[in-house]
Amino acid sequence: MKKTDLQKVQARAAEYAKLREAGITPERKKRSAKMDFFMRFAKNRLALFGAALFIVMALIAFNADNFFDYESQAIFQNMSQRLLKPSAEHIFGTDEYGRDIFVRIVYGARISLFVGLGTVLSSMLLGCLIGAVAAYYGGKVDNLLMRTMDIFLAVPSSLMAICVVAALGTGIFKLMIALAISEVPRFSRVVRSSVLGTKGQEFIEAAKACGTRDLRIIIRHILPNSMGPIIVQATTNVARCVLMISSLSFIGLGIPSPTPEWGSMLSEGRTLMRYYPNLVIFPGIALMMTALSFYSIGDGLRDAMDPRLRN
Amino acid sequence: MSAANTTPLLETRDLKKYFKTPRGLLHAVDGVSLTIPRGTTLGVVGESGCGKSTLGRTVLRLLEPTSGDILYNGESIVGKNAEEMREMRRKMQIIFQDPYASLNPRMNVSQLIAEPIRVCHTIRGEKAIDEKVQELMKTVGLAERLYKSYPHELDGGRRQRIGIARALALDPEFIVCDEPVSALDVSIQAQILNLMMDLQEERGLTYMFITHNLSVVKHISSQIAVMYLGQCVEWADVDEIFENPKHPYTQSLLAAIPVASVSERHREIETIQGEVTSPIDPKPGCRFAPRCSKATPACYEGTLTLRSVSERHSVACRLYE
Amino acid sequence: MDNSLLKIEDLQVVYSTDDSLVFAVNGLDLDLAPGETLGLVGETGAGKTTTALSIMGLLPDRTGFVTRGKITLDGHDILASSEAELRGIRGKLVSMIFQDPMTSLNPTMTVGDQIKEVLQVHNPDADEAQLQARIDELMELVGLPAARKIEYPHQFSGGMKQRIVIAIALACEPKLLLADEPTTALDVTIQAQVLKLMRNLKEKLNTAMLLITHDLGVVAQICDKVAIMYAGEIIESGTIEQIYTGERHHPYTKGLFGAIPNLKEKTRRLHPVEGLMPDPTNLPLGCAFHPRCAQCLEVCRNCAPAAHLVDGHMVKCHLYKEDR
């Protein structure tokens with residue numbers, strides 16, 4: 001393997017030498033930083049697949065109304081059509097209420113993606129704020145904020161979510177709050193460690209040397225340079241949230257029926273699983289693929305961001 | 001000469017900076033009293049751990065002094081509050097050692113140079129700021145086409161030029177240069193040093209030039225202060241230090257520099273034995289005594305201060321008392 | 001004339017990245033006799049470290065390729081050797097010390113154990129007593145008390161760490177020592193100590209040394225021969241006297257000497273070469289130095305200069321053709 005690589009490189013070098021002898025200096029295109037980043041990301045096949053999958057899912061899910069009719073296909077119970085095996089008309093078959101499974105999965109994607117991304121974005125904002133302030137000011141401020149975060153982290157996230165839902169009731173936004181409560185501390189930790197690392201760098205000192213105020217230092221100098229680990233954490237958190245929503249729905253505390261949601265589909269199909277495996281296989285695969293795609297995007301982003309891992 | 005001309009631009013009086021560590025009190029800067037006349041360069045020289053970088057930062061109050069006074073143009077700046085210091089910072093700037101770490105990787109050249117201007121609002125209006133940035137780029141020798149380039153696309157020498165341009169953005173009077181050329185290749189070092197000397201002449205700048213490299217500092221300094229473990233052990237005009245070093249440490253430092261010449265080759269390399277002692281809770285007396293070939297029992301007692309041995313030459317050493 | 005310990009012929013090393021080839025070493029020729037110390041001088045990007053890594057067979061796996069050339073070390077053809085053969089050579093025949101002593105030592109092993117490691121690799125039959133005796137001997141050799149062999153690297157200062165690195169490198173008495181900027185990270189007084197040590201060891205053990213550095217002062221102190229590198233080739237080489245004195249020099253060499261601040265003279269301005277080292281992915285045609293050369297001729301733009309040899313003093317420059 002090494003030998004053929006060597007031959008390839010020798011060939012390229014020889015070609016280059018020929019060009020130069022002819023008096024031509026081959027112009028090397030300089031790639032911008034963004035292009036460079038994208039190329040590095042694209043080298044990770046799994047990450048690329050994950051990103052593609054996410055894009056496809058998002059496009060289908062958010063344009064679902066152009067292809068399907070929500071009421072008639074996903075919600076309306078059509079008992080004459082119940083428990084059909086996969087066919088041309090119903091790609092994944094129908095469930096025990098006669099609803100098309102494929103359409104329900106598509107609409108379920110909407111929920112999962114919306115709740116997942118929404119929760120993560122909002123918790124990221126709050127987490128960034130808390131983590132950055134704690135890291136930047138240190139001392140008592142750091143202690144106070146982080147110990148508060150520790151208290152929230154000490155409670156298992158599923159339990160926390162269950163308790164919050166039990167207290168506030170079900171519904172999309174309440175669910176997002178429940179999830180966010182355990183996401184914010186996780187984010188704040190990552191942000192804090194990232195900011196601590198950036199804080200010590202000389203360019204921060206340089207900013208202070210011209211009298212830059214703290215807020216500007218945090219927003220203009222520290223956060224943009226700490227975003228790497230934060231973004232990676234965010235993608236993995238989306239996967240977690242998606243799984244969490246489904247888990248909560250599975251036990252009946254998430255999105256209430258009849259709204260299609262992968263977890264509740266799994267729950268409903270549980271009893272008939274033996275004879276009609278399509279009831280659970282397809283939602284299960286959807287869940288798995290979504291989580292997988294976000295995890296691989298996260299991996300790809302992390303590798304692309306770390307220039308030392310190149311080659 | 002009027003009285004105003006003789007006020008040094010920067011003066012420190014018994015300046016101290018200590019750090020609390022788990023192992024004790026670290027005396028990073030321990031009673032340094034120096035003056036820098038306007039338009040001149042003070043080279044602050046010493047090896048790692050001598051406190052020179054800490055001194056540079058403390059003088060600008062990037063680190064708060066533990067005790068002692070800092071006077072800028074005769075006015076004490078130790079007591080000033082944050083707002084007043086912001087005003088002062090326009091006149092007192094710093095160039096850092098590491099051209100890689102001292103520039104925000106997410107900002108391009110124009111943004112980096114314009115940042116101090118935007119923070120202090122010294123120039124208003126995008127166009128005016130742009131013009132100023134381009135003027136500064138020209139002054140430091142950065143090609144116009146690099147306007148939108150990012151630091152990671154450029155080499156060490158160019159990055160350091162960005163650092164210099166940034167330091168000049170507010171038209172300061174005094175610049176602390178913390179090892180500005182140590183991370184650069186020899187040819188680039190020389191280019192940057194020439195640039196800094198030209199700027200000093202054109203703009204009447206005052207430098208505190210911190211370095212461990214005596215040969216570099218010789219070209220740019222008018223006076224040199226040699227530091228060892230937080231204290232200034234010798235302070236003199238540049239020619240005096242090189243022709244007539246008095247403190248044993250200064251002599252060793254000069255002797256240790258490898259000379260690029262064949263005639264010096266067969267000379268026995270003189271070395272100081274031992275290692276630097278710890279700056280944590282140091283013992284009384286001269287800190288160099290444990291390694292000094294000329295130490296006497298008197299060297300281990302009391303405190304040493306800089307005393308004049310001739311005009312414009314002071315040493316802190318028992319040999320000259 | 002095959003008295004040479006290390007012979008490098010027409011070495012070309014290329015780093016392959018996604019979008020380009022980095023021509024790090026371009027036709028390097030080098031000759032080192034046993035016991036000789038050669039200073040390889042050049043600035044960042046000249047290809048010095050790449051050369052050293054090639055000699056050790058330590059180029060990065062997937063990106064570093066030797067596309068041309070031959071390296072012969074004490075009769076062994078390095079480029080044709082297998083990894084197993086190279087492992088036998090590294091440490092025993094040739095050792096390398098790197099620039100940063102802080103990161104060269106394993107922080108979780110005692111200093112004595114690290115020296116022992118290299119001894120064990122090449123002396124699998126030695127017993128514990130023999131090993132410990134040798135470790136003690138080596139510690140004393142580099143000027144450290146043998147009793148400290150049980151301590152960890154963080155308990156030593158920078159200069160002492162570099163001594164330990166030297167001890168490890170010399171443990172199996174290699175014939176060739178590659179030292180990549182061994183004193184650059186050290187304070188000047190500590191550098192003096194380490195250079196003095198290296199000079200003593202050189203005389204005592206008669207080890208040949210390839211000293212890579214950008215500091216012409218260090219080279220003057222300790223080397224017998226000098227080779228100046230620029231953009232992956234050696235553009236001038238000769239003995240210390242030939243390089244440090246006389247008029248027949250490559251313009252780059254003159255520029256290097258002109259950039260050094262001189263302690264004795266009272267010059268105000270320095271006279272470096274303007275410009276920068278060329279981009280190794282896009283080297284200039286003809287002589288690699290011609291864009292920066294004050295004495296550039298027409299022929300320099302198109303034609304790469306050949307090596308012109310006078311009495312062992314080689315200069316690769318059109319200004320110095322023999323027939324001039």
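Modeller: Of the 324 residues of chain C, 48% count as buried, a residue being buried if 20 or more other C-beta atoms, placed from the backbone, lie within 10 Å of its own, exposed if 12 or fewer do, and partly exposed in between. This is a predicted model, in which local features need pLDDT of at least 70 and side-chain atom pairs count only at pLDDT 80 or more, whereas totals for chains, interfaces and linings use all residues. Residues are numbered from 1 along each chain as its sequence is written, and chains are lettered from A and ligands numbered from 1 in the order in which they are written.

Chain C contains 11 helices and 12 strands; these are DSSP runs numbered from the N terminus, helices being H or I of at least four residues and strands E of at least two. Its radius of gyration is 21 Å, which agrees with the value near 20 Å that a compact globule of 324 residues would have. That radius is taken over C-alpha atoms, and the globule rule is 2.2 Å times the number of residues to the power 0.38. Along the principal axes, the C-alpha atoms of chain C fill a box of roughly 70 × 50 × 40 Å. Two residues are in contact if their C-beta atoms, placed from the backbone, lie within 7 Å. Among the contacts in chain C between residues at least 6 apart in sequence, 66% join residues at least 24 apart.

Buried residues make up 47% of chain B, and its C-alpha atoms fill a box of roughly 65 × 50 × 50 Å along the principal axes.

Where the two chains meet, chain B contributes 33 residues and chain C contributes 37 residues. On the side of chain B that touches chain C, the elements giving two or more residues are α7 (186-203), α8 (214-220) and α10 (248-256) of chain B. Among these, α7(B) gives the most, with 7 residues. By class, this side of chain B has 14 nonpolar, 12 polar and 7 charged residues. Here Ala, Val, Leu, Ile, Met, Phe, Trp, Tyr, Cys and Pro count as nonpolar, Asp, Glu, Lys and Arg as charged, and the others, Gly among them, as polar.
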